[in-house]
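Please examine the model shown here.

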Amino acid sequence: MLDKLLLIWESLPLLIRGAIVTLELTMSLLAIGFVLGLIVALGQVYGPRPIAMLMSGYERFFRAMPILVLLIVFFYGLAFLGVSLPAFGTAVLVFGLHSSAYQSQIFRGSIQAIKPGQILAARALGMTRLQVIRYITLPQALRLAIPGWSNEYSGVLKDTSFAFAIGVTELARQGWQIATRTREMFLVFISVALIYLLLTYLGTWLLELLERYLSVPGLAGQRREEHGRVV
Amino acid sequence: MRAIVRWGVVVGVLAVALGIWGLAPQAQTQVFRVCSDIAWPPFEWVDAKGEFVGFDLDVMRIIAILKGYKITIQNLGFDSIIPAVQAGQCDIGASGFTITEERKKVVDFSDPYWESNQSVLVRADSGLNIITAFKPGNKIGAQRGTTGAQWVEDNVIKQGIAVELKLYETYPLAEQDLINKQLHAVVEDEPAAKVAVKASKGVLKIVGIIMTEERFGFLVRKGDPLKLLPRINDGMKEMKKKSIWNNLVEAYFGVDVNLERITQCWADLKGWLDKNQPEAYAENLAACMAGESYKKP
């Protein structure tokens, strides 16, 4: 028993190194997905017809593609075209594009939840369309998007384990390598599972704090308490 | 609106910077990317500090020293290495690849550097022998894309013996399934099978060797555009002449394959490689493995 605990203790630096790669990958892909996803969502909701159709096409395409297929196509395809991107960069790009399609739908939903009356009112006050998006739609929509976005975080965090297909040594692969050397599959992967659990828990907890910190009384869908009961 | 323009400029500058960085001229010493599935001791594995250890990798490092180029080692799934070499994402594949006609169609191989036979692994308490292990209906495990899997296909299944071939991502996983009694036998290369027997502490044993006489080679892109094969072949000859080769083979494939010990010896002695002294490295590694006194760099 003691020697098994010792084995996990000795493997911890490697597992942590893997967890850092997993986190770096997750953060970068979420950032790319956030920017692109927001653009796609705004294009779908407010864009003129051709733009809206283009954005929908993009979103459907990337939602339809299995992540593993995209990884292989980009990694080998780009090299074939003479573009040499390191494995980590390719993974960030592919996961980012994939996630942007999913994130766009989180944002589209929350953008559409803003009542049209508000937009009409803002326009009547003389705001430009961009000002309406900047000052009326986005501040509310982004707040509403946090719960869905936290779901996306916990989803992609685990998807990143596919990145080993192109040689990124993240948490799950570190587990593989340790298990290969020590032949303690069960023990090693239980530890890997616990680290994923911890990362998911921490991330969603931080997002929950953010949600509470940013909450605005009266915003639709926001949990709020009045006279001691949840409304 | 102004904010959008400002961000647009930032993104534009970043894109241009990235482009220039990508086009920057390469460093003077050539650096080649060696790809390996580092999960197959004793040919390649990752030690407790995360360092890449193993026979294939040492050979690659020593040839690089002898021939005056540098390498980076990239850890990639076994299945992905040949496509990566074809696409130019890797320059050399060094992962215990058997030279086969099929593979020769898509990549070029170096001179053979190792001869291996397939061995049949079973549980020691199963009472199976090399004949009964392949009884129709039995489950046989192998790693996907390996010559072990190919051998079962060609010489058992295609001969009309209906065994069930189960393919795994890596051999250690197949061995685990064998220990868990989900398989009757595993077919894999002899040196790796010996490591498995040792690691299982007597649960597994080798019941027989199939003399496939496979030869391992390092592989490069078809046509060898980087002119690597002459350097690799020459480097191997030089290693043999300077008896680096014999010492390495003794250290990695000696009578008793002991992963812990060799990892320790390697960590003590790899400094010789950093000092570009492969002869001292190999000599001391062999001495360390034999339990004799050795000199740290």
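Are α1(A) and α2(A) parallel, perpendicular or oblique to each other? This is a predicted model, in which local features need pLDDT of at least 70 and side-chain atom pairs count only at pLDDT 80 or more, while totals for chains, interfaces and linings use all residues. Residues are numbered from 1 along each chain as its sequence is written, and chains are lettered from A and ligands numbered from 1 in the order in which they are written.

Helix α1 (residues 2-46) and helix α2 (residues 49-64) of chain A pack at an angle of about 135 degrees, their axes being 7 Å apart. Axes are lines fitted to C-alpha atoms, for helices over the stretch in contact, and angles run from 0 to 180 degrees between N-to-C directions. Helices (H or I, at least four residues) and strands (E, at least two) are DSSP runs, numbered from the N terminus. The two helices α1(A) and α2(A) are therefore oblique to each other; angles under 35 degrees count as roughly parallel, over 145 as roughly antiparallel, 65 to 115 as roughly perpendicular and the rest as oblique.

Between chains A and B, the contact (C-beta atoms, placed from the backbone, within 7 Å) takes 20 residues from chain A and 21 residues from chain B. On the side of chain A that touches chain B, α7(A) gives the most, with five residues.

Strands β8 (residues 139-143) and β10 (residues 185-189) of chain B run parallel and are joined by two bridges, and Ile140(B) stands opposite Ala185(B) in β10(B).

Note on methods: Contact = placed C-beta atoms within 7 Å. Pairing = 2+ DSSP bridges.
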